[in-house]
Amino acid sequence: VNNTWFNSLKKKLIEEDFIFLSKTADLLKLNKKIASILERKYYYCIKILYSEFRYFYDWSFEKIIKMTDKNDLDYFNFANLKDFVYFKNEILGLIENYIVMSYSSELTLNSHENFIQVVFPIINNDKFYLNFKLGDSEPIQFCIITLTECKAHIENNSMMLIFQKILLPSLNLIKIDFESYPEIRKKFFLFIKLIVDEYF
């Protein structure tokens, strides 16, 4: 993954060539494995390309919002939606790697300002709750990683924001019965345990 690759990907997005999304997400998943091996070198790569990763995260989430809010099924279909969620989550996974490497090492900006720049805009999106409507548990995992790795740099109001963004949307899904949304249910209780153990 480099600038040339990102520029080619952007061109396809502008042309609305979405057929490649699933394969691109597979490539991003491979990049996450590479990141776990290369660590420091890959961290600097993500740091340099962070704005590109955020562009694609924001772009994919905006598409998901359009699909779910407007129900524009003449333009999108369910297969598209699944691919966009898959793509979004692989981008989110790379951002998780960036957070882990930033805060669990001496590499760079270990500060509350860095948390605000990297994490806050993702979690504070007004449409963040849509992830849960789609049965998507990865945003909860993102918040678990954030709260674990950034603990020393998170102020109380930021922690409470994360708590509020997860609590009600998740609870509204899992309280209906004891079987639906098993992944959301599992990560929700891991999230609550983390909050209780580490923040109270």
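Residues are classed by relative accessible area as buried (under 20%), exposed (over 50%) or partly exposed (in between), using a 1.4 Å probe and protein chains only. The model is predicted, so local features need pLDDT of at least 70 and side-chain atom pairs count only at pLDDT 80 or more, whereas totals for chains, interfaces and linings use all residues. Numbering starts from 1 along each chain as its sequence is written, and side-chain values use heavy atoms, without hydrogens and water.

Five salt bridges (a side-chain nitrogen of Lys or Arg within 4 Å of a carboxyl oxygen of Asp or Glu) were found in a search of the whole structure. In one of them D58 pairs with R54, with 2.9 Å between the closest N and O atoms. Both residues belong to helix 3 and are four residues apart, about one turn of the helix; helices are DSSP runs (H or I, at least four residues) numbered from the N terminus. D58 is partly exposed at 32% relative accessibility, while R54 is buried at 12%.

A further salt bridge joins D136 to K88, with closest N and O atoms 3.0 Å apart. Because D136 lies in the loop between helix 7 and helix 8 and K88 in helix 4, the pair ties together parts 48 residues apart in sequence. D136 and K88 are both buried.

In helix 10, D197 and K193 are four residues apart and form a salt bridge at 2.7 Å, N to O. D197 is partly exposed, at 46% relative accessible area.

I91 is in contact (heavy atoms within 4.5 Å) with L28, F53, F56 and Y57, residues up to four places away in sequence not being counted.

Key:
Helix = DSSP H or I, 4+ residues; strand = E, 2+ residues; numbered from the N terminus.
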